[in-house]
Amino acid sequence: MTLENFVYESVSELLDGKYDAVKPRIEKHKDIYHDDTAICFSLLSLGAFLKNDFNTFYQFMNDASFLVDQSTDPITKIFHEMVLGFVNFTEKNTTLYSINYNKARKLSIKCQRTDFFEKLNSMLKCPPISHFSMAHNGQSKDPLLALVKIGQAVAAEKNIDLLIKTIAEETKTALNADRCTVYVYDKETDELYSKVATGLDVKELRIPADKGLAGHVLRTGETINIKDAYSDKRFNSSVDKETGYRTKNMLCMPIKNFNQEIIGVFQVLNKFDEYFTPDDEDLLVAIASNAGISLENAQLFEKQRKLLEEQKIVLDSFIETLATSIDARDKITSGHSSRVKMYAVLIANEFGMEQNDLYILEKAAALHDIGKIGIRDAVLQKEGKLTPEEYKHIQQHVEITHHILEKIHMSKDFQQITEIACSHHEKFDGSGYYRHLKGNDIPFGGRILAVSDVFDAITSKRHYRDKMPIDKVINIIKDGAGSHFDPLVVEKFLAIKLSEIVKVFCTENCMKIDKNDYETLEKYNLLDLYYSIVNNCSNKLLQVFNKYYVGVDLEHE
Ligand SMILES: [Fe+2]
């Protein structure tokens, strides 16, 4: 059963007065699914409240509030606010109720779980704030309260689409209207666009900036309050035609930025009780000034985000070009950098590495041997054994990698790329090069690259030797734990599924993995393969693995 269904069922039974029957089930759920503990405490507190057991209610509610604060799950947060709202509503604490209600609603819009909010709201039979305030207070909403709420709702919202949606939702509620559309002016196309028209299933709405009432407001800066839209010549009924909606009355107002330039238009439709009043106009003026600043901030933020994205694309292609140039230079190890990158990603995934760190690791892997550009051809492409002097020269590639990359000063992230890339020949016991770093002083990414680099080197065919048998390869990696390699990285590496390793081989030999083989390889990791060889078990697994590891080479020979 999904968590949502568990909540619906439990709430329904609690409302039916079956607290004693439901309680053991909720407690059992809480003990099995620790992630759901917060929501279970909210349920238990709701049950205790309905049973008029206020002492227990407060205890459960305290625990729930504490846990909900730590939780990142939106469902948990929405539900907790709704339980609090239900309690406040029942206790006739209207101000607190409206705060809980709006918080839950805003959260549900933000994480696109209005279905959960609406369903629970109808189960708990709490009226929407607009109806509630009209029915219970007998007067329109306190404009200050509405403003504070909109301020809260839009604070820190940097995603412009969500911001448009939130402002529209909040304004609709504040003005007790059926719909609200927030149009933003798109200078480039000279159009007004809205991502979401409240209540309509339209993803993006675009209208020419010189059409309709919204266009009129954009051009003139006037506020328009009309009682019958269809009797007004400026009204553009095409949106109604497109959406099947019938506009009756309308309040339309410009949205201005800090410099008083018009950047968009508010269009509030169909007031529930008669028409929009001058008080509504005043409230919308205040909302519009608040919304204008938020919208402009979000637009600036979006612009900056796009700029950064473009920079990232430039950086990515730059790195790609550099990485390709290494392969072009050193044909013997062609494809090495990209395979090292793939192995590094597999290890990082075993660690559950975060996206940004993974990005840095990938770039470092792609560039780790860039310093080979500075190595003489005669040495780099020598077919025979290297003399000690030549070996020393080739070792310099790491230092050269460092010098090249440190000159490309772009950001802190790039410094990390440099640090990781030039640590790939460091050894865990400090006997590596070129800075002789030891243990955890070697950047984590560098320790991952060390394993990936050696694994690819010894699993690749060289002109002077065939591919090394896989048990020998694994033995080298295993034996290197603690001396050459970080033991934890080795442990994670050996836990990688054979199917993933074989996928990397296939990027080189262009083989397609057979479905049955894939299923077999998916069940075992490198360590399993090692023990199956060492213990002389059925070598079926080895056969399947070798098909992709050495298969093509055998065919060629
Ligand atoms: Fe290297």
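Predicted model: local features only at pLDDT ≥ 70, side-chain atom pairs only at ≥ 80, totals over all residues.
Q: At what angle do helix 24 and helix 26 pack, and how far apart are their axes?
A: The angle and the distance between the axes are read together. Helix 24, which spans residues 515-522, packs against helix 26, residues 540-549, at an angle of about 120°, and their axes are 10 Å apart. Because angles from 65 to 115 degrees count as roughly perpendicular and those over 145 as roughly antiparallel, helix 24 is oblique to helix 26.

Q: Is the crossing of helix 24 with helix 26 left-handed or right-handed?
A: Handedness is a further description of a helix pair, and here helix 24 passes helix 26 in a left-handed crossing.

Q: How do helix 20 and helix 22 pack, and at what angle?
A: The reading follows the steps used above. Helix 20, residues 444-459, and helix 22, residues 487-494, pack at an angle of about 50° with their axes 10 Å apart, and they are therefore oblique to each other. Helix 20 passes helix 22 in a right-handed crossing.

Q: Which residues meet where helix 20 contacts helix 22?
A: Arg447, Ile448 and Val451 on helix 20 meet Val489, Val490 and Phe493 on helix 22; by class, the residues of this contact comprise 5 nonpolar, no polar and 1 charged.

Technical notes
Residues numbered from 1 in each chain as written. Axes fitted to C-alpha atoms, helices over the stretch in contact; angles between N-to-C directions. Helix = DSSP H or I, 4+ residues; strand = E, 2+ residues; numbered from the N terminus. Parallel < 35°, antiparallel > 145°, perpendicular 65-115°, else oblique. Left-handed = near helix turned anticlockwise from the far one by under 90°. Contact = placed C-beta atoms within 7 Å. Nonpolar A, V, L, I, M, F, W, Y, C, P; charged D, E, K, R; others polar.
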